[in-house]
Amino acid sequence: MSIDLTRTASSTRRIPRRPQLSEDVAGSIRQQIVTGALQPGSFVRIDETAVALGVSATPVREALVALRGEGLVEQVPHRGYRVNELSAQDVDDIFWLQGIIAGTLAGRAAGVVDDEHLEQLTALNDGLRDAVARADTESVEYYEFEFHRLVNKIAGGMKLAWFLLGAVKYTPRLYATDARWGADAVRSHEQLIEAFGRRDVEAATDVMRRQFRKWDIR
């Protein structure tokens with residue numbers, strides 16, 4: 001299933017003032033890059049970005065330095081920061097990495113999951129199903145995140161979960177607006193819960209990895 005990245009990203013919404021603004025600004029710019037809202041070769045203007053996000057120039061400057069370290073932008077003398085190309089292979093690699101880590105965590109969770117966990121996962125998936133039906137993007141993102149966060153918590157692999165979170169930063173959030181993706185996610189979660197109910201480690205691992213393979217970004 002492909003997700004259309006030509007739609008306008010929602011990552012330009014204004015960011016409330018609070019500590020660690022540079023991380024929030026970096027997240028906003030990063031999403032604009034991975035969704036294609038900021039095209040390769042274009043320049044990120046510090047002053048314009050600061051106005052758009054409702055912050056001062058300082059956190060924008062700090063965010064661009066961080067994104068340069070990630071290879072998403074490069075600094076051009078006397079011109080500012082230019083967006084680097086994120087290739088289809090880069091995106092494929094990101095989803096492959098997420099699938100490997102998430103699948104491993106799901107397999108571990110299958111070995112220790114209990115009935116209370118199954119009830120909690122079912123409730124979260126019910127919330128996701130309702131959010132998809134209502135096209136409530138923020139709720140879709142919330143329930144999807146909480147579902148996987150609980151799976152990772154059950155698995156107990158905090159270091160692996162940390163690496164997974166790092167990879168998720170590069171996932172275009174436009175998936176939350178795709179009704180087909182939402183329906184597939186709900187079904188995938190149902191299959192995962194069923195595998196957990198059987199304490200089937202192999203099936204749980206496979207279901208989770210297949211969910212990430214379905215996130216085909218083109």
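## Exercises on helix packing in a predicted chain

The secondary structure of this chain comes to nine helices and five strands, where helices (H or I, at least four residues) and strands (E, at least two) are DSSP runs numbered from the N terminus. The model is predicted, so that local features need pLDDT of at least 70 and side-chain atom pairs count only at pLDDT 80 or more, while totals for chains, interfaces and linings use all residues. Residues are numbered from 1 along each chain as its sequence is written, and side-chain values use heavy atoms, with hydrogens and water left out.

**Exercise 1.** Determine how α6 and α8 are oriented to each other, and describe their contact.

*Solution.* Begin with the geometry: the axes of helix α6 (residues 137-155) and helix α8 (residues 179-197) come within 12 Å and cross at roughly 25 degrees, axes being lines fitted to C-alpha atoms over the stretch in contact, with angles from 0 to 180 degrees between N-to-C directions. The two helices are therefore roughly parallel to each other, a term that covers angles under 35 degrees. Next, list the contact (heavy atoms within 4.5 Å): Val140, Glu144, Phe147, His148 and Val151 of α6 meet Trp181, Ala185, His189, Leu192, Ile193 and Phe196 of α8. Finally, sorting these residues by class gives eight nonpolar, two polar and one charged, where Ala, Val, Leu, Ile, Met, Phe, Trp, Tyr, Cys and Pro count as nonpolar, Asp, Glu, Lys and Arg as charged, and the others, Gly among them, as polar.

**Exercise 2.** Carry out the corresponding analysis for α4 and α9.

*Solution.* Helix α4 (residues 88-112) packs with α9 at an angle of about 155 degrees, their axes lying 7 Å apart. The pair is therefore roughly antiparallel, the term for angles over 145 degrees. On the α4 side, the residues in contact include Phe95, Gly99, Gly103 and Gly107, while those of α9 include Val201, Ala204, Met208 and Phe212. By class, the whole contact has nine nonpolar, seven polar and one charged residues.

**Exercise 3.** Locate glutamate 202 and decide whether the residue is buried or exposed.

*Solution.* Glutamate 202 is found in helix α9, which spans residues 201-213. With a relative accessible area of 69%, glutamate 202 is exposed, given that exposed means over 50%, buried under 20% and partly exposed in between, with a 1.4 Å probe and protein chains only. For the chain as a whole, 47% of the 218 residues count as buried.

Definitions and conventions:
Angles under 35 degrees count as roughly parallel, over 145 as roughly antiparallel, 65 to 115 as roughly perpendicular and the rest as oblique.
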